[in-house]
Amino acid sequence: MNAPTLIQIIGASLFAIAVLHTFSTRFFEHLAHTRPRHAGIWHLLGEVEVVFGFWAMVLMLFMFAVSGRQEAIGYLESRNFTEPMFVFAIMVIAGTRPILQFAGSAVRLVARLLPLPRAMALYFLVLALVPLLGSFITEPAAMTLAALMLRDTLFSRQVSEKLKYATIGVLFVNVSIGGTLTPFAAPPVLMVAAKWNWDIGFMIATFGWKAAIAVVINAGAAMLLFRRELGHMADAPHGAASNVPLPMILAHLAFLLLVVVFAHHSPMFMGVFLFFLGFATAYQRHQDALILREALLVAFFLAGLVVLGGLQQWWLEPVLMSMDANAVFFGATALTAITDNAALTYLGSLVEGLSPEFKAALVAGAVTGGGLTLIANAPNPAGAAILKEKFADNTIRPLGLLLAALPPTLVAALALRLL
């Protein structure tokens, strides 16, 4: 392996600092209260969604200073920002009143068919059915829907911190593995599916049915464990507005479908999104406030991850390629906690001659570890941005998330590796 360049070393160092920063946001919030003169900048640095974007800007300043203007601009223009733009667009559309009403009605309809108390059935379906739908509407859309439904039902009243963390731990893990029924919905699968010729039949046979079992077990276990705190989920959603006419719901579903269909072509889906913004403005009486701020923060987070992640190949690839199929599964699960899982599978796609077992183990490990941290899976920041205001100090503690996600991650590992 060639010796890393100065920029690669700086990039790896800043990436490590950014990871540590995500675990230190409460420190910056504390500074905002103890040093009010500069409270604004401390509050800014205390926003998890700002972390990677901030350190990506620091990287670009180093690159300008060390390599010059042309090199820095060339590197930035070589990055693919389609995923951050897509997550931004899909979050905003999926978070509209018509889409939420449609999803909520569908979940409540299915809940009536389950032989469970209604509140328990609703909780189970939000954590099981919605993540599995992510295989068709994409994981960011599923995460947005599930998080908004939880915010307006379960989290609309005071519940224990244990329930809050257990819920997001299961949600993040289930969304990560629930997108493996198809080859286009989960970012780590999308990175390799075309090159490795994985179609929907292969995905269901290799990953999908196993993931579905783990999703059901995780959601069912959380439901049973916290069943005494779920009663108010059967109440009408907090702040429920007037019903949206069916034509308006169909129009929003059409916008959502078009963005999903053109998910890999940013000029197309951004054009659809801009038209959607005009349409939503024309029919404001059928809208709540669009979640533009939350979506922009998540897009900034992911864009920073794209910029910083582009300089990590020099150390990540040798680590992955030194493992056999069993080791790469557990290695990818662990590495996913400190880097985006799509980055891991993308690096694997660059290597020729990998065995089918190695490829499957790499992807299985990447999706298994996708709920351990905010940076492990692209949709996680979307869920965190929507739900963090319901947590103490408006912060989802990284260690709390890690501990909450470990049990469902273990279930996912057993399902995807042993079944």
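The following paragraphs lead the reader through a predicted model of one protein chain, from its overall form to single residues.

In this predicted model, local features need pLDDT of at least 70 and side-chain atom pairs count only at pLDDT 80 or more, while totals for chains, interfaces and linings use all residues. Residues are numbered from 1 along each chain as its sequence is written, and side-chain values use heavy atoms, with hydrogens and water left out.

The protein chain contains 21 helices and zero strands; helices (H or I, at least four residues) and strands (E, at least two) are DSSP runs, numbered from the N terminus. The radius of gyration of the protein chain is 21 Å, close to the 22 Å that the globule rule gives for 419 residues, so the chain is as compact as a globular protein of that length. That radius is taken over C-alpha atoms, and the globule rule is 2.2 Å times the number of residues to the power 0.38. Along its principal axes, the C-alpha trace spans about 60 × 55 × 45 Å.

Of the 419 residues, 57% count as buried. Here buried means under 20% relative accessible area, exposed means over 50%, and partly exposed lies in between (1.4 Å probe, protein chains only). The chain exposes about 17800 Å², of which carbon and sulfur atoms supply 67%; accessible areas come from the Shrake-Rupley method with a 1.4 Å probe, and for residues only the protein chains shown count as cover. Among contacts between residues at least 6 apart in sequence, 81% join residues at least 24 apart, where contact means heavy atoms within 4.5 Å.

On a 1 Å grid over the protein atoms alone, a cavity is a set of points where a 1.4 Å probe fits but cannot get out, and a pocket is an open set with protein on both sides within 12 Å along at least five of seven lines; lining residues have an atom within 4 Å of a point. Grid points are joined across faces, edges and corners, and a volume is the space filled by probe spheres set on the points.

The largest pocket has a volume of about 980 Å³. Of the 36 residues that line this pocket, the closest to its centre are Asn80, Glu83, Met191, Ala342 and Tyr346. Helix 6 (82-94), helix 11 (187-193), helix 15 (292-309), helix 16 (313-321) and helix 18 (341-349) each supply at least two residues of the lining. By class, the lining of the largest pocket divides into 21 nonpolar, eleven polar and four charged residues. In this division Ala, Val, Leu, Ile, Met, Phe, Trp, Tyr, Cys and Pro count as nonpolar, Asp, Glu, Lys and Arg as charged, and the others, Gly among them, as polar.

A search of the whole structure finds one cavity of 30 Å³ or more, and about 80 Å³ of space lies in the largest cavity. Its lining consists of Thr22, Phe23, Ala337, Thr373, Leu374, Ile375, Pro398 and Leu401; six of these residues are nonpolar, two are polar and none is charged.

Helix 18, which contributes to the pocket lining, is mostly covered, with seven of its nine residues buried. The buried residues are Asn341, Ala342, Leu344, Thr345, Leu347, Gly348 and Ser349. Their cover includes helix 10 (161-178), helix 11, helix 16, helix 17 (325-336) and helix 19 (356-368). Within helix 18, Ala342 has a relative accessible area of 2% and is buried. Leaving aside neighbours within four places in sequence, Ala342 is in contact with Pro187, Pro188 and Met191. Ala342 and Val192 are 150 residues apart in sequence, yet their C-alpha atoms are 9.1 Å apart in space.

Several loop residues complete the picture. The loop between helix 9 (139-152) and helix 10 holds Ser156, which is partly exposed at a relative accessible area of 25%. Val159 lies in the loop between helix 9 and helix 10 and counts as buried at 6% relative accessibility.

Most residues other than glycine have a negative phi. Thr138, in the loop between helix 8 (118-137) and helix 9, has a positive phi of about 80° although it is not a glycine; Thr138 is buried at 3% relative accessibility. Asn197 likewise is not a glycine and has a positive phi, of about 55°. Asn197 lies in the loop between helix 11 and helix 12 (200-225) and is exposed, with a relative accessible area of 66%.
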